[in-house]
Amino acid sequence: MSADPTAPARPTGTRLTPRRRALALCGAVLAALVLVAAFAPLPFTKTWPGATADALGSYEGNPVLTITGAPVRGTTGSLRVTTILATGPDQSVSLYQALSGWLNPKVAVLPRDSVYPQGNLTQAAQEMTQAQDSATTAALNHLHLSADQVKVTVNLGDIGGPSGGQMLSLAIIDKLAGDGHGGDLTGGRNIAGTGTIADDGTVGQVGGVALKTQAAARDGATVFLVPRAECADAKVNTPKQLRLIPVNTLDDSLNALNALRAGAPVPAC
């Protein structure tokens, strides 16, 4: 019997068996879960190199240091406070953003609590105030000057945290006494660094060193003073033109700057 030419054509595609339909459904669900996970918020903070502020000069149009009660000298060169920028404590970082950050040498993805302990927005400002007080105390102690006569006001705008302490101390010393022989601590160089400072001049560890070295080099620094314990972090993706000098104390930093000016050997990471 011949086929009826007017009859509808029979579908020629391959039918899915129940097993294949189940596998296809599982695959679709898995793909959806992966897509959701990729963009779901995670408890991380994304950080990258921030601004630098020359403690010997101005920041955002205002002098960083205002000193009264003692003669203030003119200076050359720069002593740069370095910073990092970060997503806010209420901002979300997705898995996709975290992975892309981990693959980018100019970005660091850190646990949110390590950047914003308990989401405290005022802590960074409080730490900067303490850092300014300790920087002043350490510098005046080194110069054997009294805080009753010499007053130092620091203006770094919205820069927060304690990590600018070391560079502020050096800048106060440079403004008041230089190298002690009529010259500048910097020797005219563009010098950057990081590290907390205690009243007794001890330089402490900070975070984000590998990003701060990039900020320093971007803004023309050729020397970077880093807490000795963080040498390994500072050497990660270090810009070629940047010389890393490890220090434990304010005296270490001053001795290293003296050696640089004299062309003498200087410690290195």
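**Entry 1: Gln132.** I started at Gln132, which touches Val154 and Leu168, leaving aside residues up to four places away in sequence; contact here means heavy atoms within 4.5 Å. Gln132 is part of helix α4, residues 123–143. Helices (H or I, at least four residues) and strands (E, at least two) are DSSP runs, numbered from the N terminus. Is Gln132 buried or exposed? Gln132 is buried, at a relative accessible area of 16% (buried is under 20%, exposed over 50%, partly exposed in between, with a 1.4 Å probe and protein chains only).

**Entry 2: ground rules.** I noted that this is a predicted model, where local features need pLDDT of at least 70, side-chain atom pairs count only at pLDDT 80 or more, and totals for chains, interfaces and linings use all residues. Residues are numbered from 1 along each chain as its sequence is written, and side-chain values use heavy atoms, with hydrogens and water left out.

**Entry 3: confidence.** I looked up pLDDT, the predictor's confidence in each residue, from 0 to 100. The protein chain averages 84, and 79% of the residues score at least 70. Over residues 26–41 the pLDDT is below 50, and this stretch has 10 contacts in the model beyond near neighbours in sequence.

**Entry 4: the sheet.** I found an open sheet of 6 strands with mixed pairing, in the order β8-β2-β6-β10-β13-β14. Two strands pair if DSSP finds at least two bridges between them. β8 (108–111) and β14 (243–247) each have a single partner strand, so one side of each lacks a neighbour in the sheet. Inside, β10 (residues 190–193) and β13 (residues 223–227) run parallel, joined by 3 bridges. Ala192 stands opposite Phe224 in β13.
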